[in-house]
Amino acid sequence: MKTPTIRYVKPGILAAPWRIRAVQLDLARQRETLATIGQFIGFAKEWGFNTLFLYLEGVIRTKSFPYRSVSQSYTPADIRWIVRTASDAGMEVVPCVPTLAHCEHFVRCRQLRQLREEPSDVATMFCPSNEGTHEFLGRYLAEIAALFPGRNFHIGCDEAWPLGSCPACRTGASRDDLMIRHILRVRKILEKSGKRVWIW
């Protein structure tokens with residue numbers, strides 16, 4: 001396969017031939033102010049990016065997930081501001097809400113502990129065999145999808161090391177089967193919102 005030629009509109013300004021030129025902003029591990037996010041969007045636009053990939057985990061408070069503190073999370077109004085600012089800069093926003101591993105923001109909340117794969121208080125992932133997991137994700141992902149007008153939605157699914165460790169998951173299904181079933185169920189949830197699923 002021929003490697004695309006990267007050219008620059010002017011020194012330092014990317015004009016690669018790819019349709020999606022994305023830059024990631026991780027809001028899950030460090031909360032940024034809206035002003036900082038706005039500056040980042042302006043910087044990304046100047047460098048020729050057309051897609052802002054927002055890594056979120058569970059940092060958006062909604063009706064179905066109101067458990068994070070104000071200092072650790074964003075409101076739907078905050079997210080709408082980010083999407084509008086990016087849109088004004090000609091950038092689509094792709095949210096990433098992990099739905100299996102990297103879900104400690106969810107499963108360490110007292111109200112959702114029954115959905116965790118590991119019994120430990122430092123649990124990191126949802127149990128894909130628990131019907132409650134997909135019931136919760138159905139509600140939450142619909143709320144999040146409504147905030148992002150773009151077609152693409154990333155559901156994580158990387159580094160699910162504890163997968164298959166809980167009693168409900170040790171019923172004969174392989175780890176591969178557990179993973180595939182989970183991805184297909186989450187894809188079906190997001191298809192109702194008109195989204196195309198990305199995974200790592």
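Contact here means heavy atoms within 4.5 Å. With that in hand, let us walk through this predicted model.

Residues are numbered from 1 along each chain as its sequence is written, and side-chain values use heavy atoms, with hydrogens and water left out. Because the model is predicted, local features need pLDDT of at least 70 and side-chain atom pairs count only at pLDDT 80 or more, while totals for chains, interfaces and linings use all residues.

Let us start with Arg170, which sits in the loop between strand E4 (152-154) and helix H5 (175-191). Helices (H or I, at least four residues) and strands (E, at least two) are DSSP runs, numbered from the N terminus. Apart from its neighbours within four places in sequence, Arg170 is in contact with Gly164 and Ser165. Arg170 counts as exposed because its relative accessibility is 53%; the classes are buried (under 20% relative accessible area), exposed (over 50%) and partly exposed in between, with a 1.4 Å probe and protein chains only. Gly38 and Arg170 are separated by 132 residues in sequence and by 46 Å in space, C-alpha to C-alpha.

Lys195 belongs to the loop between H5 and strand E5 (196-198). This lysine is buried yet has no salt bridge, and the nearest side chain of opposite charge, Glu92, is 7.1 Å away. For charge, Lys and Arg count as positive and Asp and Glu as negative, while His and the chain ends are not counted. A salt bridge is a side-chain nitrogen of Lys or Arg within 4 Å of a carboxyl oxygen of Asp or Glu.

What does the side chain of Lys195 reach? A polar atom of this side chain lies 2.3 Å from the backbone oxygen of Phe148, and the side chain also reaches the backbone oxygen of Gly150 at 2.5 Å. Leaving out residues up to four places away in sequence, Lys195 touches several residues, including Ala145, Pro149 and Leu190.

**Strands E2 and E3**

Strand E2 (residues 51-55) pairs with E3 in the parallel sense over five bridges; two strands pair if DSSP finds at least two bridges between them. Within this pairing, Pro95 in E3 is the bridge partner of Leu54. E3 (residues 92-96) is mostly covered, with four of its five residues buried. Together with helix H2 (residues 76-88), E2 and E3 make a right-handed β-α-β unit. Right-handed means that, with the strands pointing away from the viewer, the path from the first strand over the helix to the second runs clockwise.

**Salt bridges**

The count of salt bridges comes to five. Three of them are listed here.

| Pair | Closest N to O distance |
|---|---|
| Glu57 and Arg29 | 3.6 Å |
| Glu191 and Arg187 | 3.7 Å |

In the Glu57–Arg29 salt bridge, the partners come from distant parts of the chain, 28 residues apart: Glu57 in the loop between E2 and H2, and Arg29 in the loop between strand E1 (22-26) and helix H1 (34-46). Glu57 is buried at a relative accessible area of 3%, whereas Arg29 is exposed at 55%.

Glu191 and Arg187 both lie in helix H5, four residues apart, about one turn of the helix. Glu191 is partly exposed at 44%, and Arg187 is partly exposed at 40%. Elsewhere, salt bridges that share partners join Asp26, Arg29 and Glu57 into one network.

Methods. Polar contact = N/O pair within 3.5 Å; in protein donor to acceptor, adjacent residues only side chain to side chain.
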